[in-house]
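Work through the following exercises with the sequence and the model open side by side. Each task is followed by a worked solution.

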Amino acid sequence: MTEATVKSSAAEQRRPLLQRYRTEPGSYDELLGADGRVRPNYETLIRGLEELGPDELKRRAETCRRLVHEQGITYNVYGDPLGMERPWQLDPVPFILGAEEWRKIEAGLIQRAQLLNRIMADCYGPQELIRSSWLPPALVFAQPDFLRPLHGSQPGETCFLHFYAADLARSPDGRWWVISDRTQIPTGTGYTLADRLVTSRILPEAFREGGVRRLAGFYRDAQAMLSELAPRRTDRPRVVLLTPGPFNETYFEQAYLARYLGYSLCEGQDLTVRDDRVFLKTLSGLEPVDVILRRVDDDFCDPLELRNESMLGVPGLVEAVRAGNVTVANALGGGLFQSPAFMAFLPGLCRHVLGEEMKLPSVATWWCGQKSAESYVAEHLDELFVKPAFRSRLRGVDPSAALTAAAREELLRQIRFQPHRWVAQEKVELSAAPSWSGEGLVSRPVALRVYLVATPDGYRVMPGGLARVAPDAGGRFISMQRGGAAKDTWILSDGPVEDVTLLSVAGQEVELRRVGNNLPSRLADNYFWLGRYAERTDATARLLRATLLRFSPESTGHAFPLLEPLLNTLVAQGQLPATEDQPELRTNAEALEAGLLAAIFDPSRAGSLRSLAGQLQRLGMLVRDRSSNDLWRVLRQLDDRLATPTSSLVMLAGDAIGVLNQSLLQLASFHGLARENMTRAQGWRFLDMGGRLERAIYLCSLLNAALHSPEADNPSVLEAVLDVADSSITYRTRYNLMPNMAAVYDLVLLDDTNPRSLLFQFNQLVKHFEKLPRERENALPSAGQRVLIECVTRLRLLDPRPINRLRSRWHESDVGRVLAETLRDLPRLSDAIAVNYFAHSTISRSR
Amino acid sequence: MRFQIVHRTRYAYASPVRESFNEIRLKPVTNEHQTVESFLLKILPPSRLRHYEDFYKNVVHHFEIPEPHTSVLVEALTTVSTRSIALPLDATPAALSRLPECDRTERCFDYLLPSRYVEWDPEAWRLAVDSTQGTADIWQAAVAVMRFIHGSFRYTPLSTHVHTHMRQVIQQRQGVCQDFAHVMLGLCRSLKIPALYVSGYLATESASATHAWIEVFVPDVGWRGLDPTHNCAVDENYVKIAVGRDYADVTPVSGHYKGTLDRRMEVTVDIRRAE
């Protein structure tokens, strides 16, 4: 370094924002040039950040974290039950590339995508490249990812690689290299979009002034391309996004993309094949599917022809593809080309197939299936990163640790035994990019994933991408699974920034619709349970609040009988352990208090309010692509609220009542949002039916427990009933006297103007049933309708007045009998709904 | 020789099953060894059949039964005429030194690699080397391997099942025709002799089921069959249905359905000489 550069570098480091910024010797620095000055592409951002000042920066970083949390941007970690739904780590400082540099990357990746597509079409078609020795047979045939049933399944001119992503790294000399190819399921386009929305919101000034290119065009191209792929000529092709389900690592982005692009999010069991055509199972029957955007791995897509133990696929899918009735994007079998071994052959293939030199190099690669490469690798074992060439159970070498003599011997032995199964690559020195440390900017190793989509006019590159930084300086590998963070990527425009949106083009004729795409049965199932859990959570919170309000730690033994009906209901619904298991709950005030607090906060107890809120959030996730963001946010806040006192349950009953009140308000906003914002379509119908059914169950359970209590006519028991049933005010305005048994039971059971009464729930259910598809096809009522008719009739014929004449054994009265029968019938009703509308979710078996 | 073959497979389920999707490999191929004169496939409950040619040029039929059903019948009626293209057991058509040529033939490559039920393993390699000592010819090496297997493995019905791996058969030294074929594939492949699995019928066999044997690749000659179960070269009494890397590629009937696991399968094969 010359005298002059040291000085100017020191000058930059006097800028407070860059005080902690240290360049990594021997690697390229994205922020500071060799002269120590901020590179032009970062100039606007850095100036912008400086203008904001340190306090404002901290505040924005905090906003960034909060937005990620509130929008529920998460990813799942496999094999870690507590690791489900880790919050996505987003570094608020974007990664920035200039227009000139980007054009080179674009050209290189377009060429690479074209090349890979041609190789793919050849390997799954004529195999000329193998016959003419441009590709060694072992590279294709020895790979478990070469799917023989797909060979010859599609005409040669078909596009195989609809989406492609490349992972790029910049070497110390400033050149970009491809370090891996994603040809099967290029993940991350959803996260990239989510990152952009957050980052552009927290740094709006820099985003506007910097001339950052917009991402929406990429997604619009993707939409147009997918519609174009429909084999059936139709004005509205149905595209579905096939997901492996909520336990998949990137489920968040699958749901997010499905929503953004307007596609149904389907699991394998939502689809079925009839006569070589794929259909979506919906509430009103089977609907044809034209294009499947898949997130399920190649070999899991069809248990019939591919991997027969797969529970994620659609039996018969491959045959439907072969028949040309459905298009799967990316084409099945693309996993083959993710093998790093291909990189060793790309330069030669590029000359042979495209007649061009590679514009963007790959990281240096040696495939041991070639004799010369094998001996080179054996001689340079320590300098290289040796890994399995194909997907297999073989273990690669930990590149960060030095090889022991024994491990070295073993590795050499394995390579000699099956050389074609091993590949070696040069160790990559990543460049370093500015990253937010909490105080200022620091430099962190960075890698960039860039996405391409095949449009009818050729491949297009998303002007942006998913940049990832390592958690520490000097790292060579970045993985979101191991604590890395993502960054938004800004590509600067040297012209005006095009403004694009995903909404349809203005001026186009639109066919007006009053119904959306038909609801998949599995989603109806999820809505139904979402409704049930929302109501269960609500009823549990009310019950616990009523109990805590009537309980004081000074209570002596004689107060317990009055609590009995509430406690029994809590036992029946799973919030408290059975009396036999913990008899002290009924005699010892302290034990009871602890028990009640556990019923609220203990996540390990299945029926606790905390667990219910967790379930509710999980169900909310399953319908996320179909419901408003606010709905999801409310569920998230509810879960957070109950998760607060984590370490101990040392809390006063008074605090707990506060938490319960807040939870009830959250639930009220959930119900309000559902009522005010959801169209009265099938999803809402099932949500409401679930809620009605659950409310009926709780009410019956409570009233049944009250009638079994020896104090059933005690005014404080009756008041508790009114309280839990949220009917105290109505009662007081109507009767203006001490609770009277017949009047109370009439109000909560039979008054069809009281939205909390049992009859009201049944009346609503009857109305919903009439609007359900397929309920009117038969002359006789369906199983569900039969149960409803019985319940409603019993209630309508019930006269509650005689109960006032009893002095004990109230549960043997007519009211008691009707309650017991209704309690018995409610599960039958739930089963009838499940059998009629969700039944296809039975388990698949292979023979 | 001309044969008429009736091959029936029946599944019976304890309770109704539905959404059944099936793949069938029952139509014999036509080649220099045999000519299929007629082939009729019957499915009950009646279903539409489609077919395609798989990677190994076998004919695969597909059918689906979406409605609930308690049994499935698959019946294949074949008339086929055969002629022997067998190599004499003492022939010496190609020296072992020509094996590296095979490595570069694209249709051979698949048959040199490990597959679902066959692997390269040191034990198999040792057995192969021991049993072929002194041979200098590809066909002679394959014949020696066949003789070794026929002599050292016991044919024991029910000692294995359809998913038994070659490794286990070598360990227990007994099995049925499928296992004998898998072991022979493993030994040949470890000597770098391309070897494929054949499923088919043997007309002289009294047992009413399908048979399995193997073929090895002989440069300038082509694929030729050897039957380790009967210790002989494949002649006009053999009818070839399908080929693949091992049993997994040629399963006659396979499928996927929703419903009970409680089911019975019954297979009968009836072969008659026709004039």
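**Exercise 1.** Which domains does the domain assignment of chain A give?

*Solution.* This is a predicted model, in which local features need pLDDT of at least 70 and side-chain atom pairs count only at pLDDT 80 or more, while totals for chains, interfaces and linings use all residues. Residues are numbered from 1 along each chain as its sequence is written, and chains are lettered from A and ligands numbered from 1 in the order in which they are written. The assignment, automatic or from a database, gives domain 1 (93–340 + 430–491), domain 2 (364–426), domain 3 (521–678) and domain 4 (682–840). The C-alpha centres of domain 2 and domain 4 of chain A lie 70 Å apart.

**Exercise 2.** Describe the sheet of chain A that contains β9.

*Solution.* Begin with the order, β8-β9-β10 (chain A), an open, antiparallel sheet of three strands, where strands are DSSP runs of E with at least two residues, numbered from the N terminus, and pairing requires at least two DSSP bridges. Next, β8 (271–274) and β10 (285–288) of chain A are the edge strands, each pairing on one side only. Finally, β9 (residues 277–282) of chain A is joined to β10(A) by four bridges, and Lys281(A) has Leu286(A) as its bridge partner in β10(A).

**Exercise 3.** How many residues of chain B are in contact with chain A, and which element of chain B gives the most?

*Solution.* Counting contacts (C-beta atoms, placed from the backbone, within 7 Å), 21 residues of chain B touch 28 residues of chain A. On this side of chain B, β13(B) gives the most, with four residues.

Technical notes. Two residues are in contact if their C-beta atoms, placed from the backbone, lie within 7 Å.
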